[in-house]
Each structure stands twice: as C-alpha cells, then as structure tokens.
Amino acid sequence: MRPLPPVFADWFASRGWSIHPHQQDMLDRAEAPALLLIAPTGGGKTLAGFLPTLAELADGTHTGLHTLYVSPLKALAADIKRNLRTPVEDMDLPIRIEDRTGDTTATQKKRQRADPPHILLTTPESLALLTSYEDAPRMFKGLQRIIVDEIHALAESKRGDQLMLALGRLQKLAPGLRRVGLSATVENPQAIADQLRCHPAPCEILHADPGPDPDIAMLQTEEAPPWAGGGAAYAIPAVLEQVRQHNTTLIFHNTRAQAEIFFHNLWLANTDDLPIGIHHGSLAREQRERVEAAMVRGDLKAIVCTGSLDLGIDWGDVDLVIQIGAPKNVKRLVQRIGRANHRYNAPSKALLVPANRFEVVECVAALEAVKAHDLDGDPKGPGPRDVLCQHILITACAGPFDADDLYTEVTTVGAFAALTRVQFDDCLTFCATGGYALRAYDKWKRLKQTDGLWHLRDPRASRNIRMNIGTIQDTDLVKVRYKGSYRPLGEIEEGFAATLTPGDTFLIGGKIVRYDGLREMTVEVTRDAAKKPKIATFMGTKFATSTQLSARILRMFQQTDYTNLPPHTAQWLDLQRGVSRMPQAGRILVESFPHDGRPHTVFYGFAGRNAMQTLGLLLTQRMEDLNLAPLGFVSTDYATMIWGLEPVTDPEPLLDPAHLRQGFETWLDGNAVMKKTFRYSATIAGLIERNLPQSRKTGRQATFSSDILYDTLVKYDPDHLMLQITREEALRGLVDFGRIEEMLTRTKGRVDHVTRDRVTPLAAPLLLEAGRVTIAGEGRERMLEEETARLMEASGLNQIEVKPSKPQWRVGW
Amino acid sequence: MNGGYSFTLSDRTLTALPSGALWWDAHRLLCVSDLHLCKSERLARRRGLMLPPYETRETLDRLGALIDRLDPAQVICLGDSFDDLDAAAAMDEADTSRLCLMQAGRDWIWIEGNHDPGPMDVGGRHLNELRQDSLIFRHIATPHGSGEISGHYHPKCSPGRGGTRPAFLIDCARVIMPAFGAFTGGLRATHPNLKALMGPNATAVLTGRRAMPMPFAAAC
C-alpha cells in the first residue's frame, strides 16, 4: 500500500475524514497505463481520480501540463475547479488549476497554450481543438495523466469516440501518458475499459463499494393512470405531497415538452406556493444558471428537469428523485436515482410515476430490474468513420502527417482497433478528394501528399475545419425573446416556429407566451394570461425502451397471474388474455379489427419506438405495393398500428425478413429519417459545414441542400463512403434497423394473427396515441395540389387572373 | 395528364412548366434560369468543400429531357448559368459535349448573370438582355420593368403545409423564375426584396409533379 504523503494525511485528519478504500486503490495503482473506476455518485470519485495527481505535483518539481481532466459538461469543469481548489489551498500545494471550455476568453486560451497550467479541465471538443494546433506537441510534451470523468456518458456517444481518438494522438505526443476513467455503475465495465485503454496495453477495473440498494417504489395515487399520453397530470397532487415531505426533489421527465407541461400543471395546483423551478436544455443559459444557483443555495423545494440534470454538479440536499413516465432504460434510471442523497452509504430514494396504463407494466419491470441489478445497454458497434474523417482533418490542421503512422495511432483506440487499412484509406481519400467515383477534384484537393507526408492544400482551410470540430448534433433552433427585450428566454425548433401564427400561445420556461412574429431568426413573444397554451413540440430526445427492458416486459406478460401489478392494470391484461392473447418474445402477435369504419392492424414488435416507427414505414410501403391502400400508422415502443382502406388478411408476407431487409436497403433510401441521418454524419465528416454563413441565415436552407446532396449521391455514387456510413448509422439511432433485426431473429417468422370484430384491450391505448404518420408520396403531392387550389379559390384570384382562352397547352409529364 | 400553368404577360401566352422552366409556345422558346453549372467545382476551389460533383450532370440531364420532349427552336438561359466564369472553363469534357449536342440546330442564348458576367468559352450567343415581341428577358428584375422575365432570386414557396417548393412568381408586369440548377437553395417568397417587386394580385406557381398556382399573398 502506498502511503499518503504526510501533508495529505494531515489534511484528511483535520477534516475528520479517512481515505476511502477505492481512493487508496487508485493511489496504489497510480503507475498503471490505464485504470477504470466504477463508483456510485457521492463516493468521492473525483478526488479518487485526482489524488495521485496532487501527490505527484506536491513537491513542485513538475513544470508544464501534468494532468488533463475531461468531462462532458462545461459546468462540471468549472465545478471541479472550485472543488479542487479547496484541498490545494488548504494544503498550500504549488499547483495551478485552470479550466478551458467554449466559455473561456480568447486571451486566456492563448496564454494557456503558451504557458499551460499543471491541471487543465476541459471538454472533448475543446481538447480536440487543442490537438489541432501546430504547437500541440510542445503543449502536451510532459503530460502525465488524463482523467475522463463520467466516461459512461461519453462512451455512449460519438463524443467519446472523438475523445478516444484525441487520446491516441496525445499518447503519441506524450508516450508516458496514463489514462484514468471515472464511471457510474454500468452493465459492462469491460466494454468501457476497452474503449479507454491504449491497445494493446491493459486497463484494470476498480470497483468502489456500490453502497446500499436504493429505496425505490412506484408512486401511489388515488386515481389510476390514463390509457394513453405522457403528461401524468393525474399524479400532480401526489407529487406535490411528496415535494412537501422532502427537502429537495428532482422531478425527471423524458422530454422537454413533457417537462414544460408538467411544470405548468404543477404550478396551477401549487396552492402553497412551494418554490419549484424548471431546468432543461432548451432554456437560455442565464435562466438555467439562475435555477442552478437557487438550487445550490437550497432555495428550491423541487426542480422539474430532463436529462440536462443527469450529470453535473452535486446538489447536496436532494433527498428524493421522481421519474415521470416510463424510465425506458434501467441503467439511466439507476444513474438518475443516484442523484438523490449524495451522502456515501445512504440509500437513494426514488419514486416512479407511470404516465399511462402501459407504462405501469414498464415501471414494474424496471423496478424488478433495478432490484436484480440487471442493467441494460446495447453493445457499441465499431468506431464511426465520420468521426475518423474529422480526426484526420484535425490531424492535418496540426501539421503534415504520415498515413502509416496515423493508421497505427488510430488502431490503438479501442473502437477502431479492428479498422482495416482499406477502411482507413477510404476515409483519407474522402478527406483528400471527396472520394467520388467521378474523379473531380484532383486540382482542388483538400489534402495533398508531398514527400510522402499528407498536408492541407490550402493552410487557410484549417480555420473552417476548427470551426466545425465536434460531434454534437445541432438541430435548427431559433431563439425566443420578449418583444423589445434582448434577454433570451430559450430556444425552440425552427420547424415548430414555422407552424406558429401570430396569436398562438406556447409554453417556455414554465411561462405561457404569445407568438408575435419572427424577426431576424428570433421568435418574438409577449406574455399571455391564457390558461391553456398551444403546446411546444420541442423535439427533445425520445428514448426507445431498451432491448432488455422490452424482454422483461414480454416475460411479465407470460406470468400466470398479474398480482405484482396494480389491480387496474392486472384487470386490463386479464381482459386482453380473454379476448385475444398476450404478446410473446418468440412470436409476433398481429391483431386486426375494424374501428371507425376502417380496418386496423396492430403489430406487436417490442423493438423500441424508433425501430417500430421504421417498421411502420416499411410495412405501409409494402402494403401500398400490395394495393392494401394504407392511410397512416402510429408507433409506440411496443407496437405499430396501421389503418387503411383494405383489411390485412395475411400478415405473414408483410413481415417476411427478406422483404423488410430489401425495403431497408432500397426504399428507405428516399426517406426523411435516412436524410437526417446522412446530414448528421456528413456534418461530422466535414462534407457539409456547420457554420456555413449562408446556412446560418435559415437553417431550413441547409436541410434542403443536404437532402439534395444525399439524393445526388444515391443516384450517381451509391457506394460512396458517406452512404456506407449512413447505412451503418441507420442500424442504430433514428432508424434503428438493428432492433428490427433483433425482432426478426427473436421471432423467426412465427406470426400469430388474431382477428376480432372490435378493438382489443391491448390495442385500445394506441387509438389515443399522438404522433400519427400520414402516408407520404402520392398523398403528399395530392395534399399540396388540393391546398393550393383551395387557396386560389378562397382568395378569388382564380376568377380575376387573366387566363388564356380554353385550349390550354399542357406538357405530357 | 398533369401539366403546366398557362398565363399571359403583356398579351403573350406563356406556360410555367412543373420542372421550373418556362415555355413560350408561339416561338417554341424554352427558358431556364440559374443553372449554376459547376457549382461544386467552384466551392472546392474557393472554400475547400468537396460536394458530390454530380450537379452539372444532374442539371444537364433534366434540361436534356426537356429539350428532347419539347424540341425548342430557341433556348434562353437566364443568367447564373455557370457558378462563375472559371467554372465554365473547367467544365468536364463529357458535360461540354453534352451541352454542344443540345445546342445543335437551336438558337441558344446565354443571358449574363451576376455569377457569370462576361463571355464564356461555350457555344451560343451571349447577351446582357434580350427583347422579343413585347417581352424582355434579363437576369435581375428591375423595379419598373414590364413584360419582364427574370431569375436571380431562386424564389421558393410554401402553402402552409405540405412542404416548400421552388416557385415562379407571376404578376401583370413580370415573372420571376425559380432556379433550375440541381444544387441551388432558395429564397422564401416572404423575403422583403420579393414582396417589394410583386404586385398585390401576384400568383406563385409551385413546381412539382404538376405546376401548382396559389395566391402570392397566401405565401407571405
């Protein structure tokens, strides 16, 4: 055991603390090339990460940068700086600590490059930017340690891939660099260790004491949850009662729109004027910071929030977490629960509130999963090549490079360890010439090779490349502010703004505002006293229920009785069992029944919201081909319901795996979700510029043109790298075809078709579900024609317009 | 069958085609605007962006299909036909010969635009503007023009739902044409520059499967 330096031992003693076992473990293994610490929130995780650094720097002999700390949130970097300063100042250690994020001033940033501090706290994007400068080798030369905080959150996204590529780069500049990852509880620590380590070097995994199991239950309410919807308004009195009984409550929601609506309803019922705030990603930074500050001061009894509070600053006094709506994912639920009670070795307290009847089932399944420590997660695919393309361009910004060296460096990164040289070369070619089958840009290459080394043809291009660093998807948001004021209220999606007409009301930051107009891409609003707003459709993230949780729900359906469910839900499922049958993991249940004079068919695929949506697109297309005239569909995490003019008599051919796969390969190419996927990857890979001046004016214009680029590639260059990447990405995310594959493998073509003369109990909630999709194509064109004709008629313009005499000339089209 | 939208301008009957081209039957005249050929080449040269270099082929495919179908005697390209003069010089050989084939046996007129202000090394006549009968073809609309057919603004329109489309803007004095080129964005018809040019009873004709007229005022 490595003894704590005396000054540290004294400091611990003076505070009446003793070192946690996992902090000692980290100190003992400080020389390891890579370490991953799994610890619950409040376990002194950050100090465990920093102790070896502080010990090594204590004698004041190290010059230059010693430790880099990377976290997913800017706010976290600033918070850690504050927290680290306490021990450093108490012990009078000769250590300089600074942070560097998008908010750091230009002067400060410049100075940091010339004279770096001992400890630099930053984000993945700021680090990627630092590695793009020509002076990176000098800045990082003496770097000893890198600490990646909340690595479980980064590891799930492309931000993590970008960070690990940057680590590969740093390792080359500072071969002695040791890596440390700090993670919350995850289902597969080894997968994260494999991402963190510098292949083939190992990564040891340390587990802190996970602490006591959480105290978690479903909220008991007087009223039963409704059949559909996500508002959970029925639970407001019970939630308010819980808020009253606790010091500080975090009320988590799955989407921003739901958070806004719930907050609004909560205030209408808040007769005691309990101080309750709201916090989500669409609110203006100033507004979020005000809420955070009030929270730190202990001024708030509750905060209605979204994933924006999943990570971040430790709120000391939170003693209850309420999750509104089905948790969708057990791992995230456990991490959210951990936000309550940061005292080590005290159980966190949490309550689940299902928003509708089906979510009752999902909540019970999630509770059982938490008790069984059965966390979920999907294995990550190979390293995304759009991120690699960006990394190649970043490398080129820093100076000429050798392709063999870069390939070797990239394959030390876990996610890219299996990358073939051919795949790497494809990315390099894409960066150099665009990689088109038509060789077009030999004269205007982006990267050129001189004396064996690759470099930017035009060094000025580095400015654009740096401006486009990052992998966070930016939707087209427009700012909202009060008329005549410059203080922003927050942001809404441009698509939503486009549907507003003056006089419409919507919710933002818990206030009802009236839309006045759009001015230079800013939405101007005034306060409105109305009681009921037109609801803001923030996109937010719509999580899909995880594969493991879906499987658990299917297992629950097969129970002989439903005594573990509340009576109202048990009765509903019993009724379904009598009228039809329960869905099973190994079979696809299909139910057909007439409703409202139209044949309806429900496919219980249990593949998660995104995949069920894709399934709806594929099935309706196939039905169109078979002249079943589908009119529309609606999807949830567990089922897709389609209605049309003709009844489905034999669903088996519709679900034929070969047809579905073929539809994915061909027809889906033309679909908006594929185009969105393409746009995201093309922006990361540097094909489209994020900050293109003309695209800033209207985000919509950029959407338009990336769609055209996509169509052009599909038509003229179907094997292009960007299309390969788009198809890979479509296995996950919005399209999520991987989950459809999982469903097909699980059910192997076994279909049970039940036909009834009216809606079945399990299908009933689907009739109330929002988010209906009208079948596009022929229908959309007809809708446009009818709408324009109606407008001509209504205006009377078709009467007064001078028209040529009867024989109209027409183009045979 | 679906088709174009016919209207009169200075007593001449013209047809706005669903593809965004304009047809003058009396002269068998086809007019297209803002082709922006070789746009990707210019973006690569000037900004280091490597967009798919297929837009020239795509635009010529569409134009070729129209010419095959209509067999015009006269073709007017209403300016910004090339993304810049260097781009015209850099055009791919296959595309150049494609263009030559289309030009054979027709009166082909290039009107100068702000992107291509000067003669280019391609066949056809190069004019600043063209008067024919009571109509005038020029790249940018003038405030007091009459019988004026122009392009430049790439107008696009939305009827409120169902999406946005490139559109012709038509009133009793002028026609502003949509861009015909493949990689061209658009300017919303609500833009003040366009509102200032068009009269109160103007019509917007959306392109698509068929030409779809709607009141310009409803798009604003």
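Which domains does the domain assignment of chain A give? In this predicted model, the assignment comprises domain 1 (6-207), domain 2 (215-371), domain 3 (420-467), domain 4 (477-527) and domain 5 (565-779) of chain A.

The relation between domain 1 and domain 2 of chain A was examined in detail. Taken over C-alpha atoms, the centres of domain 1 of chain A and domain 2 of chain A are separated by 31 Å. Contact between the two involves 20 residues of domain 1 of chain A and ten residues of domain 2 of chain A. The size of an interface is often expressed as the accessible area that is lost when the parts come together. For domain 1 of chain A and domain 2 of chain A, the area buried between them is about 1,200 Å², of which 61% lies on carbon and sulfur atoms.

Two salt bridges are counted between domain 1 of chain A and domain 2 of chain A. A salt bridge is also found between A:Lys331 and A:Glu156, where the closest N and O atoms are 3.1 Å apart. On the side of domain 1 of chain A that touches domain 2 of chain A, the elements giving two or more residues are α4 (74-90) and α8 (151-155) of chain A. The most is given by α4(A), with three residues. By residue class, this side of domain 1 of chain A divides into eight nonpolar, seven polar and five charged residues.

Helix α11 of chain A, spanning residues 236-245, was considered next. Its buried residues are A:Ile236, A:Ala238, A:Val239, A:Leu240, A:Gln242 and A:Val243. The buried residues of α11(A) pack against strands and a helix of chain A, namely β9 (248-252), α12 (256-269), β10 (276-279), β11 (302-305), β12 (318-324) and β13 (349-353).

In chain B, attention was given to B:Thr96, a residue of helix α4 (residues 93-103) of chain B. B:Thr96 counts as partly exposed because its relative accessibility is 26%, a value in the range between the 20% limit for buried and the 50% limit for exposed residues. A polar atom of the side chain of B:Thr96 lies 2.8 Å from the backbone oxygen of B:Asp92. B:Leu35 is 61 residues apart from B:Thr96 along the chain, and the C-alpha atoms of these two residues are separated by 14 Å.

Conventions: Residues are numbered from 1 along each chain as its sequence is written. Chains are lettered from A and ligands numbered from 1 in the order in which they are written. This is a predicted model: local features need pLDDT of at least 70, side-chain atom pairs count only at pLDDT 80 or more; totals for chains, interfaces and linings use all residues. Side-chain values use heavy atoms; hydrogens and water are left out. Domain bounds come from an automatic or database domain assignment. Contact means heavy atoms within 4.5 Å. Buried area is the accessible area (1.4 Å probe) that two parts lose on being put together, summed over both. A salt bridge is a side-chain nitrogen of Lys or Arg within 4 Å of a carboxyl oxygen of Asp or Glu. Helices (H or I, at least four residues) and strands (E, at least two) are DSSP runs, numbered from the N terminus. Ala, Val, Leu, Ile, Met, Phe, Trp, Tyr, Cys and Pro count as nonpolar, Asp, Glu, Lys and Arg as charged, and the others, Gly among them, as polar. Buried means under 20% relative accessible area, exposed over 50%, partly exposed in between (1.4 Å probe, protein chains only). A polar contact is a pair of N or O atoms within 3.5 Å; within protein, one must be able to donate a hydrogen and the other to accept it, and residues adjacent in sequence count only if both atoms are side-chain atoms.
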